[in-house]
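Welcome! Please take a moment with the sequence and the model shown below before reading on.

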Amino acid sequence: MKLRIDAAALGGLLLAVSGSAAAAECLPAPSTLVTPGVLTVGTSLTGVPMGFVEDNAPAGFEPELMTAIAEQMCLEPEFVDLTFQGLFPGLVAKRFDVVAARVGITPQREETFDFVPVFKGGLRLVAAAGSELRFENEQEVCGHPTAVTAGSTQMVALEQVQSECAADQPMEIRVFSNQIEALNEVAKGSVEAAFVDWPIAANVIQLRPDDFAEASPVLSGRGPDTPRNRNGIVVRQGEEEMFDAISSAFDAVLESGAYDEMLEKWNLGDGDIRVTND
C-alpha cells in the first residue's frame with residue numbers, strides 16, 4: 001500500500017524542517033529515482049513509536065526522519081507499506097528507492113545491501129505481566145516458547161544459539177509477520193515471551209502494563225559483550241549516487257537539530273546513532 005505523508009499533519013517539527021529546506025539550496029537528488037521528484041521508501045508500518053499508520057497516514061520516528069531527508073533534497077516522500085519480509089525483494093525489484101523499517105545492519109545483509117546508519121537498535125525480550133520471567137541473554141530462552149518476526153534480527157539471534165539448548169529444553173521459535181503480532185501472542189498466552197526491537201518493547205510496556213513486562217536488558221543480538229546493532233536506511237548495493245545523496249541529506253538533518261527533536265518527541269534518546277559507548 002502506498003501512502004503519501006502530509007508534512008503539515010506532522011506538526012511544527014516538520015514544518016520547520018520543510019521551511020528551512022525550502023529556504024536553502026536543495027541538496028542533489030539521485031537521478032535514478034523510481035518516480036522523478038519523489039523519494040519512494042519501502043517500510044513496514046507496524047510498530048509504535050518507530051513507524052505506524054495513524055489517520056491513514058504514516059506516523060512515527062522513521063516516517064518523520066525520511067520526510068526530513070526527502071525535503072533536504074526537495075523531494076516528496078512516498079511510503080510503500082509491506083510486511084518486513086517483502087521489503088528486500090521489493091528493493092531489489094526497484095519498487096522503491098530505499099528501505100527504512102528498523103532494519104538491523106548485519107554482516108549477512110551487508111553482503112547484499114548498503115546502509116546509511118541512522119539509529120542505535122537493540123533487542124529486548126518481553127513477557128506477560130506478572131510472569132516474573134527474566135532472561136539475561138538469548139541462551140536463556142531455551143525451553144521457553146518465544147515469538148519473533150519473520151526474517152528479523154531477533155529471529156537470527158535466536159537461531160544462532162538454538163543448537164546450544166539442552167535436549168530436554170529445546171528453543172521453540174514461533175514466527176509471525178510483524179512485532180505487534182508477536183507481542184499479542186504473549187498477551188494471549190500462546191508463547192512465554194516475544195523478542196522485539198527495544199523501542200517497541202518500551203512503548204508497549206508503557207501503554208499496556210497489565211499485559212506486558214520487560215524480561216531482559218537491551219541485547220545486541222550478537223552475544224554478550226558486543227555492541228548493540230545499528231539500524232540503517234537500506235540502499236541497493238553499488239548505487240553510489242543514491243547512497244551519497246541519502247548520507248548527505250541525513251547529515252544535514254543532524255546538523256539542523258531536527259534529529260534531536262525527533263528523538264526527544266518519541267522518547268528515543270537511547271537510539272542516538274552518535275553515541276558510541278555501548
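This is a predicted model: local features need pLDDT of at least 70, side-chain atom pairs count only at pLDDT 80 or more; totals for chains, interfaces and linings use all residues.

Residues are numbered from 1 along each chain as its sequence is written, and side-chain values use heavy atoms, leaving out hydrogens and water.

**The sheet**

Let us begin with an open sheet of 5 strands, ordered β10-β9-β11-β8-β12 with mixed pairing. Helices (H or I, at least four residues) and strands (E, at least two) are DSSP runs, numbered from the N terminus, and two strands pair if DSSP finds at least two bridges between them. β10 (173–176) and β12 (212–214) each have a single partner strand, so one side of each is left without a neighbour in the sheet. From one strand to the next, the twist averages 35 degrees. Strands β9 (residues 146–149) and β10 run parallel and are joined by 4 bridges; T146 has I173 in β10 as its bridge partner.

**Helices on the sheet**

Two helices pack on this sheet, as the table shows. Contact means heavy atoms within 4.5 Å, and angles run from 0 to 180 degrees between N-to-C directions, with axes being lines fitted to C-alpha atoms, for helices over the stretch in contact.

| Helix | Strands touched | Angle with β11 |
|---|---|---|
| α6 (residues 179–188) | β8, β9, β10, β11, β12 | about 155 degrees |
| α7 (residues 198–207) | β8, β11, β12 | about 120 degrees |

How many of the residues of α7 are buried? The count is 7 of the 10, so α7 is largely enclosed by the rest of the structure. Buried means under 20% relative accessible area, with a 1.4 Å probe and protein chains only. Among the buried residues are W198, I200 and N203, and their cover includes β7 (113–120) and α6.

**A buried glycine**

G47 lies in the loop between β2 (38–43) and β3 (52–54) and is buried, with a relative accessible area of 0%. Leaving aside neighbours within four places in sequence, G47 contacts F52, R102, I180 and I200.

**A helix pair**

Finally, α2 (residues 61–72) packs with α9 (residues 258–265) at about 165 degrees, their axes 10 Å apart. The two helices are therefore roughly antiparallel, a label for angles over 145 degrees. F61, E64, L65 and A68 in α2 meet Y259, M262, L263 and K265 in α9.

How values were computed:
Angles under 35 degrees count as roughly parallel, over 145 as roughly antiparallel, 65 to 115 as roughly perpendicular and the rest as oblique. Buried means under 20% relative accessible area, exposed over 50%, partly exposed in between (1.4 Å probe, protein chains only).
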